[in-house]
Amino acid sequence: MTISDSTVAIIGTGNIGSRLAANFAAGGQDFLLAGRDQEADQKLASSLDGHAEAVSVGEAVERGDVLVIAVWLDSFKELIAQYGEQFAGKVIVDPSNPVGPDGAGGYRKVIGEQESSGQILAGLLPTGARLVKAFGTLSAPTLSAAAWQEPERAVQFYAADDDAAGDLVADLIRAGGYEPVRVGGLDQSIRIEMFGDLHEYGALGRVVTKAEALKAI
Ligand SMILES: NC(=O)c1ccc[n+]([C@@H]2O[C@H](COP(=O)([O-])OP(=O)(O)OC[C@H]3O[C@@H](n4cnc5c(N)ncnc54)[C@H](OP(=O)(O)O)[C@@H]3O)[C@@H](O)[C@H]2O)c1
């Protein structure tokens with residue numbers, strides 16, 4: 001299966017979901033779009049040059065082969081609890097950063113220091129669902145600003161245990177105007193989540209090209 005014969009769905013049409021939608025549409029990638037406000041989703045879809053079809057979350061889960069779930073960690077867990085076995089056989093893309101407000105205008109990690117949301121979510125999915133960590137390494141404004149960078153594409157890191165699922169998401173990263181670089185298996189998710197060394201707000205501290213990324217991992 002390749003990305004061109006897969007049905008891609010974005011679930012969650014907030015800051016990240018809507019920016020990913022714009023990037024995919026700019027790359028000619030068709031996808032389903034599902035949030036909780038059908039009217040708003042319809043409006044967003046109609047601004048994306050015919051590449052997006054607004055559907056309910058249930059329909060996106062049913063029809064999608066590759067589900068990009070752009071919601072916060074707790075909501076992600078709720079979706080897994082709700083749809084459970086329906087995720088089997090799907091590629092689940094996780095952009096989540098396990099953070100919440102720290103009360104002083106910043107963020108704090110909401111899971112253990114050594115834990116990653118990628119591994120936690122992968123552990124909650126049914127057998128046969130393959131999680132790929134991607135699209136959470138850049139801040140929302142950067143996700144828009146650095147797409148289709150010239151002369152060299154900016155990098156989106158991803159982590160995957162399953163090679164075929166990783167390859168599909170690498171194609172999706174390309175379709176959204178970035179160069180994919182695999183950081184390793186899901187045990188490396190922590191490096192590309194917020195506070196990880198390869199996150200835009202971590203030690204790396206910026207958008208990188210492929211050569212720079214390969215040096216950093
Ligand atoms: N913002 C960033 O800079 C950034 C960067 C990297 C990664 N991330 C990660 O990306 C994820 C999304 O962040 P965001 O900034 O896009 O958050 P956001 O703007 O708050 O958007 C989250 C969206 O999820 C929707 N949602 C929640 N539960 C849902 C459900 N059951 N079904 C369908 N939609 C549901 C919300 O809908 P309602 O409006 O109806 O609540 C909202 O539209 C988070 O895990 C975050 O850690 C964010």
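**Ligand, pocket and cavity**

Analyst: Of the 19 residues around the ligand, those that come nearest are Asn-15, Ile-16, Arg-36, Val-71 and Asn-97. A residue counts as near if one of its heavy atoms lies within 4 Å of the molecule. This is a predicted model, in which local features need pLDDT of at least 70, side-chain atom pairs count only at pLDDT 80 or more, and totals for chains, interfaces and linings use all residues. Residues are numbered from 1 along each chain as its sequence is written, and side-chain values use heavy atoms, with hydrogens and water left out.

User: How are the residues of the shell around the ligand divided by class?

Analyst: They divide into 9 nonpolar, 9 polar and 1 charged. Ala, Val, Leu, Ile, Met, Phe, Trp, Tyr, Cys and Pro count as nonpolar, Asp, Glu, Lys and Arg as charged, and the others, Gly among them, as polar.

User: Why is the ligand said to sit in the largest pocket?

Analyst: The ligand sits there because more than half of its atoms lie within 2 Å of the pocket's grid points. On a 1 Å grid over the protein atoms alone, a pocket is an open set with protein on both sides within 12 Å along at least five of seven lines, whereas a cavity is a set of points where a 1.4 Å probe fits but cannot get out; lining residues have an atom within 4 Å of a point. The largest pocket has a volume of about 830 Å³, the space filled by probe spheres set on the points. Its lining has 33 residues, and Asn-15, Ile-16, Ala-70, Val-71 and Trp-72 lie nearest its centre.

User: How many cavities of 30 Å³ or more are there?

Analyst: The count comes to 1. The largest cavity has a volume of about 50 Å³, and its lining has 7 nonpolar, 3 polar and 2 charged residues. Among them are Phe-157, His-199 and Arg-206.
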